[in-house]
Amino acid sequence: MTTIIGLMSLFSVLMIFLGFAIGRQRHTSALDVGGNCSESKTAIQNALLHSNLSAIVVIDKGDKILEFNPCAEMLFKRQRQHVLGLTMAELIMPERYRQKQCAGMKHYLETGMGSVLKKRIEVRALNAQGDEFPIEMEITPIDSANGTIFVAVINDITEREHSRKKIVDALAQAEEANKAKSLFLTSVSHEIRTPLHAVLSLIECLQHTALSDLQLEYVSAAQQAGDRLLNMVNDILELGQIESGKREVHFSWCRPKALLEQHLEVYRQSLAEKGLELYLIEAGNGPKLISTDVSMLQQILSNLLSNACKYTESGGVTVHSWCQEETLYGKPERWWCCDVIDTGISLTEEQMKSLFQEFTRLHQDGSSSGSGVGLMISRLLAEQLGGSLSVHSNKEAGTTFRLSLPIAHVRPKRQFKQLQQLIVFLYSDNPRWLNCMMQQLVNLGVTQQEIVTADTFCLLPDDAIVIVDTQKGAVPLPFNPLVLSEEQQHLRIISAGDDYSAALAACPRHFAFINQPYRRQDIIAALRAAQRQRSLTFNSVRMNPPQIMLSPPQTRQAFHILLVDDSEVNRLTIKTFLGLEGMRVTEASNGQEAINAVRDTTFDLILMDMRMPVMDGIEAAQLIRSQQLAKGTPIIALTAHVQETEKQRCLEAGMQDFLTKPIGKSMLIKRLLNWLPKHRTASDREVFTGSVDDTSTKLFDEKLLMRLKQDIPPAKFKHLLEVFLSEMEKSVSQINSLLNQQNFTQIEILVHAIKSSANMFGAIQMSNLALNIETACQEQQLARVAEYCALMDDMRQQTEIEFKRFGFVR
């Protein structure tokens, strides 16, 4: 409102004095017309001047006041007749502005230029009592018959200043409150993590004791609930660190393609268990390197893929990676973009608006778990990296999250001239599979593509390269892989799906297998293999990881560990973990006790808590290194802090590594073995060298299987055992078919997987038999391969009978 009044005041004043100047120039014409006209103009000008809501002060080039309207009288508390002819600068301006006012007027009269003329400026003014107050003033020069005059339109902005100060103070208070909230969340989350670490660690210790099936179910449920709580605490802690500015950004060069593929590999199995498809589409112009914070990028990708997996019940997930180029303010910009597209529940406009707010879930009906801050953290991290994270959703296409990060430079696109000349045929009825494969081929320059059906498959030309969809639920193959017709003997077949052990593995014209999510380099390798008509070897093909990844607990040689922690619960937990691995543990409750211990005893490794009474871990490590008390002994920090500054303090104090609480058994042992001297396990298995009918070895190791059963939840154990027996039956059947085809390469692949899985479940003789077959394949002893393979099915049946006899399966 003040601004509008000021503009109206300025316009009316200019009209008054412009009319005044013109009137004086044309006074002769006005007299000819009559004196009444001149008197009317003067009356109108006086009325406008006196009724104006802004203070108006008119001065001449000598800064003498020519006019002082009633509003100016009220504002400065001075009467018009007392100020006319006085200097404006000395009358209404504080002393610190007077010299600048005179210098500015002089500069304008000499050059015709003024830095503050015709501009609104905010300054301080004086009234008759000598009180200062804020004003907004605009001075406009006007040429008149008597020379240049200056019209100053002035408004009191005291109320505006008060309102502005209230807003600034409110924003400052809100910011301080937000920082206090973040600090509180960080502090509380940190305090929660310490006892939670003890609870989770003791639950893990409990899982390694003799428990009934019901007790194992209770312990497993408690473990899962604790893990969810820990994830929520970590999210809140992360949010507090970001908002308080404690999350530091460390830029380094990385390969976004490799990071993306690593995360897809992690979630591929989870999607497969839900019956979902996974596709990766990589544009040919994608960057090889970007400068970013690797840990932040990993966290963003993990959040996006985790949500896509969680909220998708049918269809699948597609990840699209490419480079976007645009021009901003005349400067070319390049961005690495990554779309995570799912076919899950679509979002409304209201949901998308609130999606990146803290403690917001996609579904509030309790069907989803989590703290509700994952996406907000992801967006904040993306913005810290100089990029953005956005979302788009519709009912037909599901939801798309787009991550965009700046690229420092883009290397020239790599050309694959030999592949560009190929004609590739695609056999599938799955539109998502076809879209992914066609886009990947186009990105490689393979533009000649055709989709074939069961009816047109027989019309394929000789030496045609055909990629067939072998996913679960895919359209049946239009040919028998084991018995090809004369026309099909010249085909070059590539399979693309989620199961390598399909019937095509035994097909003599099958040259390569491409696993989900159909990576760019896998497609290139498969096309080249088909082009050269040379089957890819086992090492060249990216296989499914074994579904059974758990290894039985093993007894390590008697390493001596110094455990330093002021928490008795933490010491008990970690000592239990290390004891299960056969390691000796000496305890210390503070840094001083640790120093005394290393003076008297030689240790293989030291686990050092950072925060302890008497002497903390940092000081203790510094003294151990400076006094060379444990020369060559690695020190690993135990800390509940996750900031980079804390980690850097550990390294600078002479520690070699750090572990963040809470610490699980597997992570603890894995990290320790990275630093401990080279070791052998007491349960290292000797290579079986006897004959295949040697019965001196037990059919299976019951203790090994019981130990594995205690390590994992009962439901998971039963599921894995059923999968193992089913896969073993399937693999033995395939081995017999491959033996008829004399495909020893594929036999070696299958028995390698059987050997590993059988050993994990304690099926000792089955594992040894698979090892002998694998060795015979490698040494090209074909007669021995046939001899051993003939025993596989009988061995499998005997093993399954033993499992049933001991009650492991029904």
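In the predicted model, Met 437, Gln 440, Leu 441 and Asn 443 of helix α15 are in contact (heavy atoms within 4.5 Å) with Arg 520, Ile 523 and Leu 527 of helix α16. The residues of this contact comprise 4 nonpolar, 2 polar and 1 charged, where Ala, Val, Leu, Ile, Met, Phe, Trp, Tyr, Cys and Pro count as nonpolar, Asp, Glu, Lys and Arg as charged, and the others, Gly among them, as polar. The axes of α15 (residues 431–443) and α16 (residues 520–532) come within 11 Å and cross at roughly 80°, which makes α15 roughly perpendicular to α16, a class that spans 65 to 115 degrees.

Residues are numbered from 1 along each chain as its sequence is written. Because the model is predicted, local features need pLDDT of at least 70 and side-chain atom pairs count only at pLDDT 80 or more, whereas totals for chains, interfaces and linings use all residues, and side-chain values use heavy atoms, with hydrogens and water left out.

Thr 633, located in the loop between α19 (617–626) and β21 (635–639), counts as buried at 9% relative accessibility, the term denoting under 20% relative accessible area with a 1.4 Å probe and protein chains only. The side chain of Thr 633 reaches the backbone oxygen of Phe 603 at 3.3 Å; leaving aside neighbours within four places in sequence, the contacts of Thr 633 are Phe 603, Asp 604, Leu 605, Ile 606, Arg 625 and Gln 656.

Asp 609, in strand β20 (residues 605–609), is likewise buried, with a relative accessibility of 5%. With neighbours within four places in sequence again left aside, Asp 609 is in contact with Val 564, Asp 565, Asp 566, Gly 617, Leu 638 and Lys 661.

Definitions and conventions. Axes are lines fitted to C-alpha atoms, for helices over the stretch in contact, and angles run from 0 to 180 degrees between N-to-C directions. Helices (H or I, at least four residues) and strands (E, at least two) are DSSP runs, numbered from the N terminus. Angles under 35 degrees count as roughly parallel, over 145 as roughly antiparallel, 65 to 115 as roughly perpendicular and the rest as oblique. Buried means under 20% relative accessible area, exposed over 50%, partly exposed in between (1.4 Å probe, protein chains only). A polar contact is a pair of N or O atoms within 3.5 Å; within protein, one must be able to donate a hydrogen and the other to accept it, and residues adjacent in sequence count only if both atoms are side-chain atoms.
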